[in-house]
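Dear colleague,

Please find below the structure that I am handing over to you, together with its sequence. My findings follow directly after it.

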Amino acid sequence: MNPLFTLEKTDGRARAATLSTPHGSIQTPIFMPVGTQGSVKSLDPNDLHGLGAQIILGNTYHLYLRPGDEMIARRGGLHRFMRWDKPILTDSGGFQVFSLSALRKITDEGVEFASHIDGSKHMFTPEKVISIQKNLGSDIMMVLDECVPDGADRAYTQKSLKTTTAWAKRCREAYSHGETGNQLMFGIVQGGFFKDLRTQSAAEIMSIPFEGYALGGLSVGESKTEMLDMLEHTTPLLPADRPRYLMGVGAPMDLLNGIKLGVDMFDCVLPTRNARNGTLFTSLGKVNIKRAEYKEDDGPLDPQCSCYTCRNFSRAYLRHLYVAKEILSYRLNTIHNLHFLLDLVRGARQAIFENRFEAYYQQWKGIYPV
Ligand SMILES: [Zn+2]
């Protein structure tokens with residue numbers, strides 16, 4: 001029995017559960033909007049409450065570089081700094097180091113990198129990223145791992161796995177649940193696209209007592225089929241009594257595929273980034289609001305959506321805002337896309353309770369074939 005995680009219902013492999021964190025409980029499955037630099041772009045906490053967001057994500061790499069984790073700690077942590085009183089998950093910064101910064105050098109000790117902002121040199125060690133996340137005061141912190149690039153060969157992946165496991169142990173040693181802040185820590189399973197290495201990584205990471213387990217290194221450029229295959233292989237290896245988090249995945253069917261295979265938590269910049277690019281998810285499929293066909297369309301973006309944007313504004317207006325590059329375009333589009341995904345996942349949870357997840361899944365697959 002895990003006091004932090006209560007499995008309430010399963011339907012096939014899909015699960016509905018509750019996860020307790022220092023800033024309240026989260027009902028899973030859940031999608032976590034990304035607030036990279038202490039803000040979900042174009043929204044404020046009031047908007048997020050209105051959308052029913054239960055937890056958001058903050059990026060350690062960005063917040064460490066600017067404004068600095070110590071600066072945030074002096075203001076009582078990230079929750080107080082950004083006026084968000086619900087749970088926050090912070091990543092370890094590893095993914096951004098590998099994807100954004102230049103001059104990376106990986107050693108057993110950690111990873112050296114140059115800031116993408118001013119080129120200054122920095123070093124992330126397992127101990128350092130935990131210290132940053134303690135300063136930020138997130139509810140859930142993530143261990144430092146090496147995200148193996150798509151296409152990495154077996155020898156590279158194997159070597160990287162050793163580093164990831166050693167770093168996970170050092171992260172756990174640097175902080176125990178129950179210390180100041182009562183923060184949770186999740187381990188991350190890597191292993192690239194080699195099933196036996198995924199199995200080995202899962203066993204090694206699970207031998208370290210974390211409050212949850214994440215699947216990393218997926219959705220890094222591989223095909224959907226490859227991702228699903230790896231997900232299907234790895235998810236059953238994870239303990240049933242701990243939350244499972246699929247990192248960096250956020251297209252509608254990615255979420256439903258993950259839920260179907262027993263994943264509880266997701267995050268991705270996709271819905272917010274797409275919103276700013278005018279690509280919107282609706283109950284009728286994807287809409288590119290910039291298209292000329294919407295120029296005089298007075299109907300709502302999605303007739304079945306109850307979000308603020310769809311209740312109040314027409315497609316013609318949303319298209320105009322987008323074409324004119326008005327700031328409001330970002331906000332209204334982001335409200336809709338996040339509402340859509342949060343609602344999709346809430347619907348999945350409901351379907352699990354009512355033993356009709358498969359039907360729910362098939363209904364959406366008809367609208368979003370991939
Ligand atoms: Zn809407």
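With which residues is Tyr245 in contact, leaving aside its neighbours within four places in sequence? In this predicted model, the partners of Tyr245 are Met32, Leu57, Leu89, Met142, Phe186, Tyr213, Ala214, Leu215, Val263, Met265, Phe266 and Asp267. Tyr245 belongs to the largest nonpolar core, which holds 106 residues, and together with Leu256 it touches the most other members. Helix 14 (residues 327-353) supplies the largest share of this core, namely eleven residues. As general background, nonpolar side chains tend to be buried together in soluble globular proteins.

A zinc ion is coordinated by the SG atoms of Cys305, Cys307 and Cys310 and by ND1 of His336, at 2.1 to 2.3 Å. Along the chain, these donors follow the spacing C-x1-C-x2-C-x25-H. The arrangement around the zinc ion is tetrahedral because its four donor atoms subtend angles of 100 to 117 degrees. For reference, the ideal angle for four tetrahedral donors is 109.5 degrees.

Ser306 deserves a separate paragraph. Ser306 is placed in the loop between strand 16 (285-288) and helix 12. With a relative accessibility of 45%, Ser306 counts as partly exposed. Not counting residues up to four places away in sequence, Ser306 touches Arg311 and His339. With His339 there is also a polar contact between the two side chains, at 3.5 Å. Between the C-alpha atoms of Ser306 and Lys365 the separation is 21 Å, and these two residues are 59 residues apart along the chain.

Finally, I turn to a pair of strands. Strand 2 (residues 14-21) pairs with strand 3 (residues 24-28) in the antiparallel sense, over five bridges. The two strands form a hairpin, with two residues between them. Thr21 has Gly24, in strand 3, as its bridge partner.

Yours sincerely,

A colleague

How values were computed: Residues numbered from 1 in each chain as written. Predicted model: local features only at pLDDT ≥ 70, side-chain atom pairs only at ≥ 80, totals over all residues. Heavy atoms only, no water. Core = buried A, V, L, I, M, F, W, Y, C linked by side-chain atoms within 4.5 Å. Buried < 20%, exposed > 50% of the residue type's maximum accessible area, 1.4 Å probe, protein only. Helix = DSSP H or I, 4+ residues; strand = E, 2+ residues; numbered from the N terminus. Contact = heavy atoms within 4.5 Å. Donors = N, O, S within 2.8 Å, 3.2 Å for Na, K, Ca; no water. Tetrahedral: all angles 85-135°; square planar, octahedral: opposite > 155°, others 65-115°. Polar contact = N/O pair within 3.5 Å; in protein donor to acceptor, adjacent residues only side chain to side chain. Pairing = 2+ DSSP bridges.
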